[in-house]
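Hi,

Here is the structure I said I would pass on. Have a look at it first, and then read my notes below.

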Amino acid sequence: MLGQDQYLMFEPSVGSNVHEHFDVLVVGAGISGINAAYHLSKQCPDTSYVVLEAFESFGGTWLSHKYPGIRSDSDLYTFGYSFKPWVGPPIATAEEILTYLGEVIDENGLENQIRYHHQILTATWSSKDNLWTVTVNRQDVDQQVRFTANFLYMGQGYYRHGEGYWPEWPEMDKFEGQLVHSEEWPEDIDYADQNVVVIGSGASAATIVPNMCDKAAHVTMLQRSPTYFRTGRNAIEIADALRKIDIDETWIHEITRQQILYEQSAFTEQTFKDPDQVRDDLIGEIRRLLGAKYDVETHFTPNYRPWRQRIAFVPDADLFKCISSGRASVVTDEVERFIATGLVLKSGQELEADLIVAATGFNMNAFGDIVFEVDGNTIDFNETLTYRGMMCTGVPNMVNVFGYFRASWTLRADLVANFTCRLLGHMEKLGARSVIVAPTPDDARMQTGDWISDENFNPNYVKRALHLLPKTGDKPKWQHTQDYWRDKDEFPAIDPNSPEFVYKTQ
Ligand SMILES: Cc1cc2nc3c(=O)[nH]c(=O)nc-3n(C[C@H](O)[C@H](O)[C@H](O)COP(=O)(O)OP(=O)(O)OC[C@H]3O[C@@H](n4cnc5c(N)ncnc54)[C@H](O)[C@@H]3O)c2cc1C
């Protein structure tokens with residue numbers, strides 16, 4: 001495929017002068033990489049591919065996160081794959097997600113194509129050879145090895161695994177208790193009967209607090225500012241009803257997906273059209289759960305439009321049940337400094353703690369921290385322009401999966417994989433050896449800006465990383481619109497003959 005004539009094949013890639021060649025090299029064996037492997041094997045059966053994964057196993061996010069209660073906050077009907085029915089409760093634990101992914105690998109014979117302990121360090125494109133050369137640190141044998149590939153499929157996720165974002169709090173070393181980060185959870189932590197303070201208010205904090213509060217003496221969620229939450233039963237009525245009358249799981253999966261997507265679309269639209277009403281509804285629900293005496297105004301009334309940051313789903317309202325029972329509480333304030341026994345807050349209040357958990361998020365990275373070079377020039381992705389959030393100007397033969405903030409990540413992984421298979425087929429027909437995206441003369445006059453606007457979506461982890469991410473143009477095709485409902489129609493209709501795709505046959 002792709003007109004590649006020098007098909008190099010060697011035995012396993014140990015040793016600096018030996019390398020293996022594949023048509024497509026997939027980075028990462030998380031949800032995105034496994035999805036790519038599935039679609040490549042089904043839609044492009046003559047295409048050779050390999051998946052290189054730094055970890056010892058598959059799953060990415062669902063393998064690397066170990067904090068108590070780790071679970072999805074998307075429903076698995078849409079966070080799961082379109083091609084494999086989800087048959088459990090919609091919100092799933094990391095373990096359930098790993099089991100599901102393991103089944104996908106087994107049922108489709110993907111295992112032989114995945115290489116674990118392979119951390120990719122560099123990716124170098126040669127226009128002379130129309131080839132990527134990828135250097136890899138094989139952590140299992142502590143050796144650097146090389147692969148070559150015609151095409152790179154980036155399923156590396158969007159943050160640095162195993163490394164939390166630590167705000168710079170004064171005098172952290174004074175604290176005499178235990179201090180851990182949700183992204184770096186130790187295996188052997190015992191918090192029975194301890195006073196725990198969880199710093200943060202995102203999905204991780206909202207999961208950790210209810211999951212620690214049975215065992216701990218008390219859990220305090222310390223937040224700088226409030227977040228929106230949605231609650232509901234961890235069940236989907238229509239799925240349960242269809243299951244009761246013995247409908248085939250494939251149908252249940254599809255119907256439930258469509259219903260969820262329809263409802264999410266209506267909700268997202270409403271957050272833009274009538275944000276005040278959505279805000280009132282969301283906060284009204286929390287008020288109902290916590291009772292009239294609770295200070296919802298201070299602790300659960302965010303100062304931004306709903307959906308400008310991710311809205312965490314709290315299944316069965318477990319967080320709010322813990323707060324109501326008195327086993328957990330919320331403090332809205334800021335850390336002034338650490339002391340031996342806990343924290344002093346900006347208000348002067350002291351919080352005693354045996355254990356402090358920083359649930360302060362992660363550090364985003366770009367393209368798996370891989371150093372990219374094209375014909376001798378190091379790529380600064382911030383100087384490239386994104387094509388629909390999946391290709392970058394100046395970087396040939398490469399697609400990237402970056403999912404949705406307001407819908408399940410996997411929905412986009414599917415769109416990108418399907419498009420890539422079409423693009424590879426098109427290149428084969430043309431006899432093209434490389435493809436690059438480039439603005440047409442008309443597009444070249446576009447205003448460019450940050451990868452996502454502050455008005456659209458503005459959590460701190462994104463703001464901290466904008467300098468690493470590609471720029472966007474003022475036309476939707478040069479943006480990651482974060483709009484699944486638009487992409488689901490537009491992606492299948494992308495014409496690989498349109499002028500922004502520039503092919504080379506030599
Ligand atoms: C705690 C948490 C909960 C989340 N919950 C949801 C949710 O409910 N719904 C939702 O839509 N999204 C959620 N997300 C976002 C989430 O990361 C994705 O949805 C998802 O699992 C992404 O899958 P992925 O395969 O693209 O990336 P990842 O899960 O990040 O996997 C990427 C894989 O690539 C590997 N890799 C990266 N760089 C390299 C390299 N240089 N060389 C080799 N291998 C490499 C990594 O080791 C990893 O295994 C959550 C994120 C977090 C942190």
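Before the details, one convention: two strands count as paired when DSSP finds at least two bridges between them. Keep in mind, too, that this is a predicted model.

Five strands make up an open sheet with parallel pairing, in the order 8-17-9-10-13. At its edges are strand 8 (178–181) and strand 13 (328–332), each of which pairs on one side only. From one strand to the next, the twist averages 20°.

Strand 14 (residues 335–339) and strand 15 (residues 342–345) run antiparallel and are joined by four bridges. The hairpin between strand 14 and strand 15 goes through two residues. Strand 15 then runs antiparallel to strand 16 (residues 350–352), with three bridges joining them. This second hairpin has four residues between its strands, and Gly348 in the turn has a positive phi of about 100°.

Now the ligand. It is surrounded by 33 residues, and the closest are Gly28, Gly30, Gly60, Gly157 and Gly368. Helix 1 (31–43) and strand 4 (118–126) are the elements that give two or more residues to this shell. How does the shell split by class? There are 19 polar, eleven nonpolar and three charged residues.

Finally, the chain as a whole. It has 13 helices and 27 strands. Its radius of gyration is 24 Å, close to the 23 Å that the globule rule gives for 506 residues, so the chain is as compact as a globular protein of that length. Along the principal axes, the C-alpha atoms fill a box of roughly 70 × 50 × 50 Å. Of the 506 residues, 40% count as buried. As for contacts, take those with a separation of 6 or more: 70% of them are between residues 24 or more positions apart.

Over to you!

Technical notes
Residues are numbered from 1 along each chain as its sequence is written. This is a predicted model: local features need pLDDT of at least 70, side-chain atom pairs count only at pLDDT 80 or more; totals for chains, interfaces and linings use all residues. A residue is near a molecule or strand if its C-beta atom, placed from the backbone, lies within 6 Å of it. Ala, Val, Leu, Ile, Met, Phe, Trp, Tyr, Cys and Pro count as nonpolar, Asp, Glu, Lys and Arg as charged, and the others, Gly among them, as polar. The radius of gyration is taken over C-alpha atoms; the globule rule is 2.2 Å times the number of residues to the power 0.38. A residue is buried if 20 or more other C-beta atoms lie within 10 Å of its own, exposed if 12 or fewer, and partly exposed in between; C-beta atoms are placed from the backbone. Two residues are in contact if their C-beta atoms, placed from the backbone, lie within 7 Å. Axes are lines fitted to C-alpha atoms, for helices over the stretch in contact, and angles run from 0 to 180 degrees between N-to-C directions.
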